[in-house]
Amino acid sequence: MSDDGDHEAAGGGDDGEHDGSDGDTDGHHPCREEFAEDPLGHARVTSGMTVGELVETYGDAGIGAASVHEAGDVLAEMLGSEDCTVFLSLAGAMVPAGMRRVVSDLIRDGYVDALVTTGANLTHDTIEAIGGKHHHGRTHDPEKSLRDHDENLREEGVDRIYNVYLPQEHFAEFEGHLREEVFPALADREGDDAVSIAELCAELGRANAAVNDREDVPEDPGVAAAAYESDVPIYCPAVQDSVLGLQAWMYGQTASFTLDALADMTELTDLAFEADEAGCLLVGGGVPKNFTLQTMLVTPRAYDYAVQITMDPEATGGLSGATLEEARSWGKLETDARNASVYGDATVMLPLLVAAARERIGE
């Protein structure tokens, strides 16, 4: 091969493409408008490190770890701001899954100004408040088919929530609690006005705390009790989609008792309207998530902070997986809002993020 051939093969021509630099002597590509030099690091785990330190080192990494780090940062800023009104949206089976104390402690420590949740969470919260317990279970019996496993549980009077078991007799105790301690106080009020769902939740919290103390129940009085004692409103927009709602309907068949599904809207909207800053922590999706976000559609403001924990994909078009960027298009988030989404099991992610945020703000 000639010397010329060797020269061309080595890329020594004058066509400007020999080193990809287009003449840029510092080695940077002049057309990389989307590229900011920020080399990825590597998370490091050491003995004795705190949760906050773990989440901080996630910031050196990529993919989900980077999202967790960003969410921890946003949550810490939101909870640490004295001017921020915080809305907590709690869906799913978070209470029976063991997240009850994480939520009640957030409320008691002053980090939550309003809770939006499901009737199911309130039902299971009450069961524990009055002495019932959920139990470790399993998703199936390896010696039986899945159907046989659940049919056997039904015969034994045990309800299953994935790998959590709940004896059915606790629902009978729950019904007795509502009929003896909760509903009569609401039905016996002067006037014939319907009861707001927030009023029902407040009375539930009062009764839960009272029975928990009176019966010396070893378990914490729970989420509704913490909200009642801390003067934090609970909104449950789909309360009828729960055992709590079913019991309220049944009680109303023979007593002067009915719920007003729209009565909470003014109070909730006023809370958002009067906030200097607003932030939301969205745990799961469904009705609580949408109810929390849509509040900003009828106020002159929007959320300044938002953190979302979900396992739902956005490509289905469903609300549960909808991104916070999509919410910005609706005017539910400020254009310059700080927001972050974490995709994972909320029973893992919520305690992790709360612990990191508490550490960051010094509690």
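Asp220 is buried, at 11% relative accessibility. In this predicted model, Asp220 forms a salt bridge with Arg101, and the closest N and O atoms of the pair are 3.6 Å apart. Asp220 lies in the loop between helix H8 (197-214) and helix H9 (223-229), whereas Arg101 lies in helix H4 (residues 95-108), so the pair ties together parts that are 119 residues apart in sequence. Arg101 itself counts as partly exposed, at 46% relative accessibility.

**Further salt bridges**

A search of the whole structure finds 20 salt bridges. Among them is the pair Asp109 and Arg358, whose closest N and O atoms are 2.8 Å apart. This pair links distant parts of the chain: Asp109 is in the loop between H4 and strand S2 (114-117), Arg358 is in helix H14 (residues 346-361), and the two are 249 residues apart. Asp109 is partly exposed, with a relative accessible area of 39%, while Arg358 is buried, at 16%.

The side chains of Glu215 and Arg214 also meet in a salt bridge. Glu215 counts as partly exposed, at 48% relative accessibility. Elsewhere, salt bridges that share partners join Glu56, Asp73, Glu77, Arg338 and Arg360 into one network.

| Asp220 | Arg101 | 3.6 Å |

**The surroundings of His149**

His149 is part of helix H6 (residues 146-156). Its relative accessible area is 4%, so His149 is buried, the cut-off being under 20%. A polar atom of the His149 side chain lies 3.4 Å from the backbone oxygen of Arg138. Apart from neighbours within four places in sequence, the residues in contact with His149 are Arg138, Thr139, His140, Asp141, Lys144, Arg160 and Tyr165.

**Strands S10 and S11**

Strand S10 (residues 303-310) and strand S11 (residues 333-343) run parallel and are joined by seven bridges. Within this pairing, Ile309 stands opposite Val342 in S11. Together with helix H13 (residues 324-329), S10 and S11 make a right-handed β-α-β unit. In a regular strand, side chains alternate between the two faces of the sheet.

Conventions:
Residues are numbered from 1 along each chain as its sequence is written. This is a predicted model: local features need pLDDT of at least 70, side-chain atom pairs count only at pLDDT 80 or more; totals for chains, interfaces and linings use all residues. Side-chain values use heavy atoms; hydrogens and water are left out. Helices (H or I, at least four residues) and strands (E, at least two) are DSSP runs, numbered from the N terminus. Buried means under 20% relative accessible area, exposed over 50%, partly exposed in between (1.4 Å probe, protein chains only). A polar contact is a pair of N or O atoms within 3.5 Å; within protein, one must be able to donate a hydrogen and the other to accept it, and residues adjacent in sequence count only if both atoms are side-chain atoms. Contact means heavy atoms within 4.5 Å. Two strands pair if DSSP finds at least two bridges between them. A crossover is right-handed if, with the strands pointing away from the viewer, the path from the first strand over the helix to the second runs clockwise. A salt bridge is a side-chain nitrogen of Lys or Arg within 4 Å of a carboxyl oxygen of Asp or Glu.
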